[in-house]
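Me: I would like to go through a structure with you, one topic at a time. Please keep the answers plain.

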Amino acid sequence: MEKRKRRSFSAAYKTEVVDLVRASGKRIGAVAKDLGLTETAVRAWVRQAAVDGGGGPAGALTTAERDELTQLRRRVKTLEMERDRHVDEPLAADRPHADD
């Protein structure tokens, strides 16, 4: 079986699909099939919409919290790389002076 190419969808499209699932009364699998989407993707969108709306399991991150976490992890990685690059550089006080 050939793998599908990974597609990306806008937040607005995901919201429309979630609204369709909720309004239609159809099962998630049926809506996904009708739209040519994977059931797994649609189920994840519905679950994330529930979390964003204040539902979902305890400790689940909202979309905004996930975005913030991603940005913070990127920032930490950048700072760690900068720190590691400067670890090998001698401090200004340890450098030889031109007048020595």
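Me: Which are the buried residues of α3?
Reply: The buried residues of α3 are Val42, Trp45, Val46, Gln48 and Val51. Buried here means under 20% relative accessible area, exposed means over 50%, and partly exposed lies in between, with a 1.4 Å probe and protein chains only. Helices (H or I, at least four residues) and strands (E, at least two) are DSSP runs, numbered from the N terminus.

Me: What kind of model is this, and how are residues numbered?
Reply: This is a predicted model, in which local features need pLDDT of at least 70, side-chain atom pairs count only at pLDDT 80 or more, and totals for chains, interfaces and linings use all residues. Residues are numbered from 1 along each chain as its sequence is written, and side-chain values use heavy atoms, with hydrogens and water left out.

Me: What is the average pLDDT of the protein?
Reply: The average is 89, and 88% of the residues score at least 70. The term pLDDT denotes the predictor's confidence in each residue, from 0 to 100. Where pLDDT is low, the predicted coordinates should not be read in detail.

Me: Back to α3. What do its buried residues pack against?
Reply: They pack against α1 (11-24), α2 (28-35) and α4 (63-87). Contact is taken as heavy atoms within 4.5 Å.

Me: How many residues does α3 have, and what does it span?
Reply: Helix α3 has 14 residues and reaches 20 Å from its first C-alpha to its last, close to the 20 Å expected at 1.5 Å a residue. The expected span is 1.5 Å times one less than the number of residues. After α3 comes Gly54, with a positive phi near 100°.

Me: Gln48 was in that buried list. What is its relative accessible area?
Reply: Gln48 has a relative accessible area of 19%, which means that it counts as buried. Setting aside neighbours within four places in sequence, Gln48 is in contact with Leu61, Thr62, Thr63 and Arg66.

Me: Which residues make up the largest nonpolar core?
Reply: That core has 10 residues in all: Val17, Val18, Val21, Ile28, Val31, Ala32, Leu37, Val42, Trp45 and Val46. Helices α1, α2 and α3 each supply at least two residues of this core. A nonpolar core is a set of buried Ala, Val, Leu, Ile, Met, Phe, Trp, Tyr and Cys residues joined through side-chain atoms within 4.5 Å.

Me: Take Val42, then. What is it in contact with?
Reply: Apart from neighbours within four places in sequence, Val42 is in contact with Val17, Val21, Ile28, Ala32 and Leu37.

Me: And α1: which of its residues are buried?
Reply: The buried residues of α1 are Val17, Val18 and Val21. Seen down the axis of α1, they fall within an arc of 100°, so they line one face of the helix. That arc is taken over the directions from the helix axis to the C-beta atoms. Their cover includes α2 and α3. On the other side of α1, Glu16 and Ala23 are exposed.

Me: What follows α1?
Reply: Gly25 follows α1, and its phi is positive, near 80°.

Me: What about Lys14: which residues does it touch?
Reply: Lys14, found in helix α1, touches Phe9 and Trp45, not counting residues up to four places away in sequence. Lys14 and Trp45 are 31 residues apart in sequence and 6.5 Å apart in space, C-alpha to C-alpha. With a relative accessible area of 30%, Lys14 is partly exposed.

Me: New topic. How many salt bridges are there?
Reply: The count comes to 3 salt bridges, where a salt bridge is a side-chain nitrogen of Lys or Arg within 4 Å of a carboxyl oxygen of Asp or Glu. Side chains of opposite charge can pair when their charged atoms come close.

Me: Which residue does Glu39 pair with?
Reply: Glu39 forms a salt bridge with Arg43, at 2.4 Å from N to O. The two lie 4 residues apart in helix α3 (residues 39-52), which means that about one helical turn separates them. Glu39 is partly exposed at 40%, and Arg43 is partly exposed at 36%.

Me: And which residue does Lys26 meet?
Reply: Lys26 meets Asp34 in a salt bridge, 2.9 Å from N to O. Lys26 is partly exposed at 44% relative accessibility, whereas Asp34 is exposed at 51%.

Me: Which residue does Arg83 meet in a salt bridge?
Reply: Arg83 meets Asp84, also with 2.9 Å from N to O. Arg83 is partly exposed at 48%, and Asp84 is partly exposed at 43%.
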